[in-house]
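Have a look at the structure first, then read on.

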Amino acid sequence: MLVDNIKELKKDKVFLNKIIMIGIPIAFQNLLNTLLNFVDTMMIGSLGESTIAGVGLANKVFFVFSLLLFGVVSGSAVLTAQYYGKRDVKNIRKVLGVSLILGLLGSLIFVLGGLFVPKAVMRIFTPVEGTIEIGARYLRVIAISYPITAVTMCYTAVLRSTNRVKAPVMITIVSILTNVFLNYTLIFGKFGAPKMGVEGAALATVIATLLELSLILFIVYKKEIEASARIKDLLDFDKEFIKKENEVTKRIKILGKSLLSLSCGERQLALGNSKIHKDITKMILANIFYSLGIPMNELDRVICVARVP
């Protein structure tokens with residue numbers, strides 16, 4: 001049966017080509033983000049073991065925040081892809097509005113904690129005062145980037161879900177290069193800039209994130225595409241719409257359950273919660289995505305977009 005499904009999948013060359021065209025840029029973008037994390041670790045690591053420990057623990061706050069965004073963005077991405085198949089721009093913008101509100105409200109909690117009680121937040125992860133002090137300094141600055149990241153991810157999800165994957169990749173490249181340059185400049189005080197250490201690393205990330213969002217919004221609103229929503233369009237939804245289209249809520253609930261078994265990773269999330277085990281074709285694609293380093297939450301969305309004529 002598995003062999004037959006693989007043969008059937010190979011016959012659908014148009015579908016496979018679309019999967020490849022959409023999937024490869026996403027894989028490349030995730031590879032770039034991994035490289036950025038590696039370079040960041042190397043630069044911050046040169047400041048000492050306590051520094052890298054403090055920054056590493058402070059970034060756990062962003063990890064928790066990113067899980068919330070994962071739920072919001074993955075749910076809205078699937079809905080967007082479905083509406084894109086129907087060419088329903090109005091509802092695409094409604095979904096974008098809901099995801100922006102949820103993402104910004106969620107980020108507010110983390111921003112307030114990072115700005116006003118960073119040491120208390122750090123004590124959740126470690127009792128070591130030296131590490132807490134360094135992590136709090138980093139967290140107080142990096143927290144500013146959380147709402148910016150939320151907006152960026154929401155718009156990027158819509159772009160990907162409407163088969164516009166090249167622009168986010170190019171913008172990510174610009175953002176990463178900017179981040180690396182500013183890291184070197186601000187951490188070590190190069191080119192006449194003050195030597196800021198961990199605060200410099202955080203500030204570099206904030207600036208690069210802001211640049212990424214600015215470029216995303218410029219592309220979106222210059223081209224007048226599906227995501228080019230006015231404030232009125234973004235807020236043009238009611239309780240009935242949210243109740244009917246509750247994919248975002250379902251994804252967040254799935255995420256809450258998955259937090260209890262994080263060791264299973266993204267592959268378990270895809271193979272279990274998305275019911276991919278009931279669909280051999282999706283299982284094959286899920287394993288391909290996993291090997292390419294593409295987040296499993298992308299799978300349903302990519303398939304929906306690839307099915308659009």
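Which residue forms a salt bridge with Glu226? It's Arg164, with the closest N and O atoms 3.1 Å apart. A salt bridge here is a side-chain nitrogen of Lys or Arg within 4 Å of a carboxyl oxygen of Asp or Glu, and the count by this rule comes to 6.

This is a predicted model, so local features need pLDDT of at least 70 and side-chain atom pairs pLDDT 80 or more, while totals for chains, interfaces and linings use all residues. Residues are numbered from 1 along each chain as its sequence is written, and side-chain values use heavy atoms, leaving out hydrogens and water.

**The Glu226 pair**
- Glu226 sits in the loop between helix 9 (198-223) and helix 10 (231-234), and Arg164 in the loop between helix 7 (145-161) and helix 8 (166-188), so the contact ties together parts 62 residues apart in sequence. Helices are DSSP runs of H or I, at least four residues, numbered from the N terminus.
- Glu226 is buried at 13% relative accessible area, while Arg164 is partly exposed at 31% (buried is under 20%, exposed over 50%, partly exposed in between, with a 1.4 Å probe and protein chains only).

**Other salt bridges**
- Glu133 pairs with Lys119 at 3.0 Å between the closest N and O atoms, so helix 6 (residues 129-142) is tied to helix 5 (residues 118-122).

**Helix 3**
- The 38 residues of helix 3 (residues 49-86) should span 56 Å, and the end C-alpha atoms are 53 Å apart, which agrees. The expected span is 1.5 Å times one less than the number of residues.
- Just after helix 3, Arg87 has a positive phi of about 60°.

Technical notes: Helix = DSSP H or I, 4+ residues; strand = E, 2+ residues; numbered from the N terminus.
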